[in-house]
Amino acid sequence: MDPKAEPPILVIYAHPRPRLSRVNQPLASALRALPAVTVHDLYARYTDYDIDVVEEQRALARAATLVLQFPVQWYSVPALLKLWMDEVLESGWAYGPGGTALRGKSMLVAASTGGHADSYGPDGTHGHGIDEYMLPLAQTAVLCGMNWLAPLVLHDANQVDKDALAGHIARVSGVLGAAGVATD
Ligand SMILES: Cc1cc2nc3c(=O)[nH]c(=O)nc-3n(C[C@H](O)[C@H](O)[C@H](O)COP(=O)(O)O)c2cc1C
């Protein structure tokens, strides 16, 4: 098989209310159109929350970069993405004895928040920087031997104008399209 035919980037996209989305749904559509990208829309695939772990692990094993794309909800990931992590990132496969499947791959978060950038910090409403809320994901990457890439976050997602929305989509698409992101 031609290795170039294998999509090196797997986007795991989770939005519980995609019809209300002004950021993540168009972003997922834009990423799906990129040649090296496969998008798994978790809420479309697994309406019953019955995740196909074997298929998800297969897709992950093929990818060089894993992208987690989601709206931040209660300072965390949407429920189905958490379940995906719980079930797919198995001991003995993703981490722990013999768990080397993800070693050397990269993990990138593309997220959006309702909160303004200024609200994420010690003096803001949310009390901590957005990077602090990403710590469980960053440490998950480290535990699995993955490279943690700097998250791409759009703040104030419900308020920003169309140019800012388009800018975010262009920025994420540009990073995924760049040769450097899909490290070995
Ligand atoms: C249940 C729920 C929880 C949310 N929790 C947060 C939060 O903790 N911090 C935040 O900044 N925004 C929060 N939001 C706002 C979403 O992050 C925001 O609406 C979303 O990023 C917009 O993206 P979309 O247009 O793709 O839906 C929450 C929204 C919902 C529905």
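The shell around the ligand is made of 7 nonpolar, 9 polar and 1 charged residues. Here Gly counts as polar, and Tyr as nonpolar. This is a predicted model, where local features need pLDDT of at least 70, side-chain atom pairs need pLDDT 80 or more, and totals for chains, interfaces and linings use all residues. Residues are numbered from 1 along each chain, and side-chain values use heavy atoms, without hydrogens or water.

Start at the ligand. Of the 17 residues around it, His15, Ser21, Val72, Ser112 and Tyr120 come nearest (a heavy atom within 4 Å counts as near). The side chain of His15 places an N or O atom 2.7 Å from a ligand oxygen. The backbone takes part too. An N or O atom there lies 2.8 Å from a ligand oxygen at Tyr75, and 2.9 Å from one at Gly115. The protein covers 75% of the 640 Å² of accessible area that the ligand has on its own (Shrake-Rupley method, 1.4 Å probe).

Now turn to charge pairs. The structure holds 3 salt bridges (a side-chain nitrogen of Lys or Arg within 4 Å of a carboxyl oxygen of Asp or Glu). One of them joins Glu56 and Arg45, at 3.2 Å from N to O. Glu56 belongs to helix α3 (residues 53–62) and Arg45 to helix α2 (residues 42–45), so the pair ties together parts 11 residues apart in sequence. These helices are DSSP runs (H or I, at least four residues), numbered from the N terminus.

Definitions and conventions: A polar contact is a pair of N or O atoms within 3.5 Å; within protein, one must be able to donate a hydrogen and the other to accept it, and residues adjacent in sequence count only if both atoms are side-chain atoms. Helices (H or I, at least four residues) and strands (E, at least two) are DSSP runs, numbered from the N terminus.
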